[in-house]
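Work through the exercises below with the structure at hand. Each task is followed by a stepwise solution.

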Amino acid sequence: LKERWRFVVEPLVDEANAEIDKRRELKERLRQVDEQLDQLKAEEARCQDQVRQLDALELELEAFVAANEGKEAANPDEIRDQLDADSRQVLDLLAEELALGELLVAIDDLLANGKISIEDFMREVRDVSRKRFLCQVLRQKSEATLHSEASSATWARMAAAPAPAAPVARTP
(Lines give C-alpha, C1' and ligand atoms only; values in the text may rest on other atoms or scores of the structure.)
Protein backbone atom coordinates (compact mmCIF):
# COMPACT_ATOMS: atom_id res chain seq x y z
CA LEU A 1 0.00 0.00 0.00
CA LYS A 2 2.88 2.38 0.81
CA GLU A 3 4.31 1.69 -2.59
CA ARG A 4 1.10 2.80 -4.31
CA TRP A 5 0.88 6.00 -2.28
CA ARG A 6 4.24 7.03 -3.58
CA PHE A 7 2.99 6.80 -7.17
CA VAL A 8 -0.20 8.66 -6.36
CA VAL A 9 1.15 11.32 -3.99
CA GLU A 10 4.57 12.01 -5.54
CA PRO A 11 3.23 13.72 -8.70
CA LEU A 12 0.91 15.82 -6.55
CA VAL A 13 3.78 16.86 -4.26
CA ASP A 14 5.98 17.71 -7.25
CA GLU A 15 3.15 19.76 -8.75
CA ALA A 16 2.57 21.59 -5.45
CA ASN A 17 6.31 22.32 -5.09
CA ALA A 18 6.44 23.63 -8.67
CA GLU A 19 3.46 25.90 -7.96
CA ILE A 20 5.13 27.20 -4.79
CA ASP A 21 8.33 27.95 -6.74
CA LYS A 22 6.31 29.65 -9.45
CA ARG A 23 4.49 31.73 -6.83
CA ARG A 24 7.83 32.85 -5.29
CA GLU A 25 9.11 33.79 -8.74
CA LEU A 26 5.94 35.75 -9.50
CA LYS A 27 6.18 37.61 -6.17
CA GLU A 28 9.80 38.55 -6.95
CA ARG A 29 8.83 39.79 -10.39
CA LEU A 30 5.94 41.76 -8.89
CA ARG A 31 8.39 43.40 -6.48
CA GLN A 32 10.70 44.29 -9.39
CA VAL A 33 7.80 45.71 -11.40
CA ASP A 34 6.72 47.79 -8.38
CA GLU A 35 10.27 49.15 -8.02
CA GLN A 36 10.40 50.04 -11.69
CA LEU A 37 6.98 51.68 -11.45
CA ASP A 38 8.17 53.79 -8.49
CA GLN A 39 11.26 54.82 -10.46
CA LEU A 40 9.12 55.78 -13.45
CA LYS A 41 6.80 57.84 -11.24
CA ALA A 42 9.79 59.66 -9.73
CA GLU A 43 11.18 60.30 -13.22
CA GLU A 44 7.80 61.58 -14.37
CA ALA A 45 7.69 64.00 -11.42
CA ARG A 46 11.20 65.25 -12.26
CA CYS A 47 10.21 65.73 -15.90
CA GLN A 48 7.07 67.62 -14.93
CA ASP A 49 9.14 69.89 -12.68
CA GLN A 50 11.55 70.52 -15.54
CA VAL A 51 8.65 71.29 -17.88
CA ARG A 52 7.24 73.79 -15.38
CA GLN A 53 10.66 75.36 -14.99
CA LEU A 54 11.12 75.57 -18.76
CA ASP A 55 7.65 77.10 -19.14
CA ALA A 56 8.55 79.77 -16.58
CA LEU A 57 11.82 80.49 -18.39
CA GLU A 58 10.00 80.59 -21.72
CA LEU A 59 7.57 83.17 -20.35
CA GLU A 60 10.49 85.28 -19.14
CA LEU A 61 12.16 85.05 -22.56
CA GLU A 62 8.93 85.91 -24.37
CA ALA A 63 8.50 88.94 -22.12
CA PHE A 64 12.09 90.00 -22.84
CA VAL A 65 11.61 89.57 -26.59
CA ALA A 66 8.32 91.49 -26.49
CA ALA A 67 9.93 94.30 -24.49
CA ASN A 68 12.85 94.55 -26.90
CA GLU A 69 10.97 94.00 -30.15
CA GLY A 70 11.40 96.82 -32.61
CA LYS A 71 14.24 98.42 -30.69
CA GLU A 72 17.49 99.23 -32.34
CA ALA A 73 20.57 97.15 -31.66
CA ALA A 74 21.10 96.83 -27.94
CA ASN A 75 23.94 98.68 -26.31
CA PRO A 76 26.08 96.09 -24.51
CA ASP A 77 27.01 98.57 -21.79
CA GLU A 78 23.34 99.22 -21.00
CA ILE A 79 22.63 95.52 -20.81
CA ARG A 80 25.65 95.03 -18.55
CA ASP A 81 24.48 97.86 -16.28
CA GLN A 82 21.05 96.22 -15.95
CA LEU A 83 22.56 93.00 -14.63
CA ASP A 84 22.95 92.21 -10.96
CA ALA A 85 26.44 92.23 -9.41
CA ASP A 86 26.94 88.46 -9.70
CA SER A 87 25.97 88.39 -13.37
CA ARG A 88 28.24 91.36 -14.07
CA GLN A 89 31.11 89.52 -12.39
CA VAL A 90 30.55 86.44 -14.58
CA LEU A 91 30.38 88.63 -17.68
CA ASP A 92 33.55 90.52 -16.73
CA LEU A 93 35.42 87.29 -15.98
CA LEU A 94 34.34 85.81 -19.30
CA ALA A 95 35.53 88.93 -21.12
CA GLU A 96 38.87 88.77 -19.30
CA GLU A 97 39.25 85.07 -20.05
CA LEU A 98 38.58 85.61 -23.76
CA ALA A 99 40.97 88.57 -23.85
CA LEU A 100 43.72 86.45 -22.29
CA GLY A 101 43.06 83.80 -24.95
CA GLU A 102 43.50 86.40 -27.66
CA LEU A 103 46.70 87.58 -25.94
CA LEU A 104 48.07 84.03 -26.17
CA VAL A 105 47.39 84.04 -29.92
CA ALA A 106 49.14 87.41 -30.25
CA ILE A 107 52.18 86.15 -28.32
CA ASP A 108 52.31 83.12 -30.61
CA ASP A 109 52.23 85.43 -33.64
CA LEU A 110 55.09 87.47 -32.17
CA LEU A 111 57.16 84.32 -31.78
CA ALA A 112 56.31 83.15 -35.30
CA ASN A 113 57.43 86.52 -36.70
CA GLY A 114 60.68 86.38 -34.70
CA LYS A 115 59.87 89.51 -32.69
CA ILE A 116 60.35 87.81 -29.30
CA SER A 117 62.73 85.11 -28.13
CA ILE A 118 61.65 81.65 -27.08
CA GLU A 119 62.48 82.50 -23.45
CA ASP A 120 60.20 85.55 -23.55
CA PHE A 121 57.54 83.49 -25.25
CA MET A 122 57.66 80.75 -22.59
CA ARG A 123 57.62 83.26 -19.72
CA GLU A 124 54.67 85.21 -21.15
CA VAL A 125 52.68 82.12 -22.10
CA ARG A 126 53.18 80.68 -18.62
CA ASP A 127 52.08 83.93 -16.94
CA VAL A 128 49.11 84.53 -19.23
CA SER A 129 48.00 80.90 -19.05
CA ARG A 130 48.11 80.98 -15.25
CA LYS A 131 46.03 84.18 -15.20
CA ARG A 132 43.59 82.69 -17.70
CA PHE A 133 43.25 79.50 -15.69
CA LEU A 134 42.59 81.39 -12.44
CA CYS A 135 40.09 83.59 -14.24
CA GLN A 136 38.35 80.53 -15.68
CA VAL A 137 38.10 78.83 -12.28
CA LEU A 138 36.70 81.96 -10.67
CA ARG A 139 34.20 82.39 -13.51
CA GLN A 140 33.03 78.79 -13.20
CA LYS A 141 32.56 79.20 -9.45
CA SER A 142 30.65 82.44 -9.99
CA GLU A 143 28.47 80.78 -12.64
CA ALA A 144 27.73 77.87 -10.33
CA THR A 145 26.70 80.29 -7.59
CA LEU A 146 24.60 82.28 -10.03
CA HIS A 147 22.91 79.13 -11.37
CA SER A 148 22.13 77.83 -7.88
CA GLU A 149 20.65 81.21 -6.91
CA ALA A 150 18.67 81.37 -10.14
CA SER A 151 17.47 77.82 -9.69
CA SER A 152 16.29 78.43 -6.15
CA ALA A 153 14.61 81.69 -7.22
CA THR A 154 12.88 79.92 -10.11
CA TRP A 155 11.71 77.17 -7.77
CA ALA A 156 10.37 79.78 -5.36
CA ARG A 157 8.49 81.54 -8.20
CA MET A 158 7.12 78.24 -9.45
CA ALA A 159 5.94 77.27 -5.97
CA ALA A 160 4.19 80.63 -5.59
CA ALA A 161 2.61 80.58 -9.07
CA PRO A 162 -0.43 78.40 -9.75
CA ALA A 163 0.16 75.45 -12.03
CA PRO A 164 -1.16 75.86 -15.58
CA ALA A 165 -4.45 74.10 -16.21
CA ALA A 166 -3.55 72.71 -19.62
CA PRO A 167 -0.56 72.94 -21.92
CA VAL A 168 -0.70 75.82 -24.38
CA ALA A 169 -0.28 75.03 -28.06
CA ARG A 170 2.69 76.84 -29.48
CA THR A 171 2.81 78.22 -32.98
CA PRO A 172 6.16 78.43 -34.73
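**Exercise 1.** Decide whether S142 is buried or exposed in this predicted model, and find which residues S142 touches beyond four places away in sequence.

Solution. Start with the location: S142 belongs to helix α4, which covers residues 118–160. Next, take the relative accessibility of S142, which is 11%. Buried means under 20%, so S142 counts as buried. Last, leave out residues up to four places away in sequence; S142 then touches Q89, V90 and L93.

**Exercise 2.** Compare the span of helix α3 with the expected one, and list the buried residues of α3.

Solution. Helix α3 runs over residues 85–112 and has 28 residues. At 1.5 Å a residue, 40 Å is expected from first C-alpha to last. The model gives 41 Å for α3, close to that value. The buried residues of α3 are S87, V90, L93, E97, L100, G101, L104 and I107. Two of these, V90 and L93, are also touched by S142. After α3 comes G114, with a positive phi near 75°.

**Exercise 3.** Classify C47 and C135 by accessibility, then state how many disulfides there are.

Solution. C47 has a relative accessible area of 33%, so C47 is partly exposed. C135 is at 5% and therefore counts as buried. For a disulfide, two cysteine sulfur atoms must lie within 2.5 Å. By this rule the count is zero.

**Exercise 4.** Which residues make the nonpolar surface patch of about 600 Å²?

Solution. The patch is made by W5, F7, V8, V9, L12 and V13. To place one of them, W5 is found in helix α1, residues 2–68.

Notes
Residues numbered from 1 in each chain as written. Predicted model: local features only at pLDDT ≥ 70, side-chain atom pairs only at ≥ 80, totals over all residues. Heavy atoms only, no water. Helix = DSSP H or I, 4+ residues; strand = E, 2+ residues; numbered from the N terminus. Buried < 20%, exposed > 50% of the residue type's maximum accessible area, 1.4 Å probe, protein only. Contact = heavy atoms within 4.5 Å. Expected span 1.5 Å × (residues − 1). Patch = residues over 30% accessible without salt bridge, like charges linked within 9 Å, V, L, I, M, F, W, Y side chains within 5 Å. Areas by Shrake-Rupley, 256 points an atom, 1.4 Å probe, with all protein chains shown as cover. Salt bridge = Lys/Arg side-chain N within 4 Å of Asp/Glu carboxyl O.
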